[in-house]
Amino acid sequence: MGYTWGLGSLGQLGHRSLQSGDKELIPRRVVALEGIVTRDVSCGGVHSCAVTEGGALYGWGGGHVGQLGLGPQNGFFSCALNGSDMLLRNIPVLVIPSGVRLVTCGHSHTLVSMKDGRIYGWGYNSYGQAANEKSTYAWYPSPVDWCVGEVRRLAAGGGHSAVLTDASSLKELCEFKLAETVNRSNARLIEDVASRTGADALARLCEKLREHLVEHGDSELVEMHMVEEIEAKAG
C-alpha cells in the first residue's frame, strides 16, 4: 500500500482530488494503488512512479516534458477519455505492463531497469540524460546504451543520470576492459569482436562512437587508423 504527502497541485501525490495549491500535511493513502503490491517508488520534480511486484510501472503527476512516458500531453496531466469528454486524471496510470525491476525519477526525466538488463529512459533530454535519441524531449520509453553487468542502482538528477552495475563474469570484466580502451582508431575492430562474442552492449557503444565521429567529419580519419592497425597486425 502506498502513501504520499506534500505538494500535490500537479497530481504528483496520486490522489483523485485536485485543487490549486493542493497539499497534504500527513501521509495519505494512494487509493488507486490499493491491492497492488509495490516494491519500488521514486519521486521527481512534479511526477511520481511505482513498480509493482509483478514488474508493472505506474506513473502520475506532471508530464509536460514527457516524464510520464505516455507521449505528448494536453496540459500537465495524463489524460483519459470518458465518453466524449477529455478528463484530467491525477491518479496512477500504467506506463509499462511488465518487466520492470527498478525506477528512478529525476527532476524532469525517468529511468527504469528491466529484468532483461536493459535500461530505458524518457522525459526532458536536452543533455542526453533520458535517452540516446537526439531530441529535447523523449516522450516514450527509449533505450539507454550501454550497460554491462546486472544493474544494482539507478540515479537521475536534473540534467544527468548514473547507474551502478555488478559485473562478475570473466566475459563482463573483459567487456569493461575493452570499453576503457575504445577510441576512434579501434572502434570498428572492437565492435567486430563484440558482435562475434555476443557482447551486445559493447558493440552498441562502439557503434555510437563511430556514428558520433562520422557526424563530426572524422570518418576518413577513423578508416585510416583502422587500415593502419590492420596492416600492423598483419605485418
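Visitor: Over how many bridges do strand β5 and β8 pair in the antiparallel sense?
Guide: This is a predicted model, in which local features need pLDDT of at least 70, side-chain atom pairs count only at pLDDT 80 or more, and totals for chains, interfaces and linings use all residues. Residues are numbered from 1 along each chain as its sequence is written, and side-chain values use heavy atoms, with hydrogens and water left out. Strands are DSSP runs of E, at least two residues long, numbered from the N terminus; two of them pair if DSSP finds at least two bridges between them. Strand β5 covers residues 57-61, and its antiparallel pairing with β8 has three bridges.

Visitor: Which residue in β8 is the bridge partner of Gly59?
Guide: Strand β8 spans 93-96 and is an edge strand. The bridge partner of Gly59 there is Val93.

Visitor: In what order do the strands of the open sheet with β3 and β8 at its edges run?
Guide: Four strands make up this antiparallel sheet. Its twist averages 30 degrees from one strand to the next (axes are lines fitted to C-alpha atoms; angles run from 0 to 180 degrees between N-to-C directions). Edge strands β3 (38-43) and β8 each pair on one side only. The order is β3-β4-β5-β8.

Visitor: Which residue in β12 stands opposite Gly123?
Guide: A four-stranded open sheet has the order β9-β10-β11-β12, with antiparallel pairing. Its edges are β9 (100-105) and β12 (137-143). Four bridges join β11 (residues 119-124) to β12. Opposite Gly123 stands Ala138.

Visitor: Is Thr110 buried or exposed?
Guide: Thr110 lies in strand β10, residues 109-114. Buried means under 20% relative accessible area, exposed over 50%, partly exposed in between (1.4 Å probe, protein chains only). Because its relative accessibility is 0%, Thr110 counts as buried.

Visitor: Which residue's backbone oxygen does the side chain of Thr110 reach?
Guide: Thr110 touches several residues beyond four places in sequence, including His47, Cys49 and Trp122. Touching here is contact, heavy atoms within 4.5 Å. The side chain reaches a backbone oxygen at 2.8 Å, that of Gln67.

How values were computed
A polar contact is a pair of N or O atoms within 3.5 Å; within protein, one must be able to donate a hydrogen and the other to accept it, and residues adjacent in sequence count only if both atoms are side-chain atoms.
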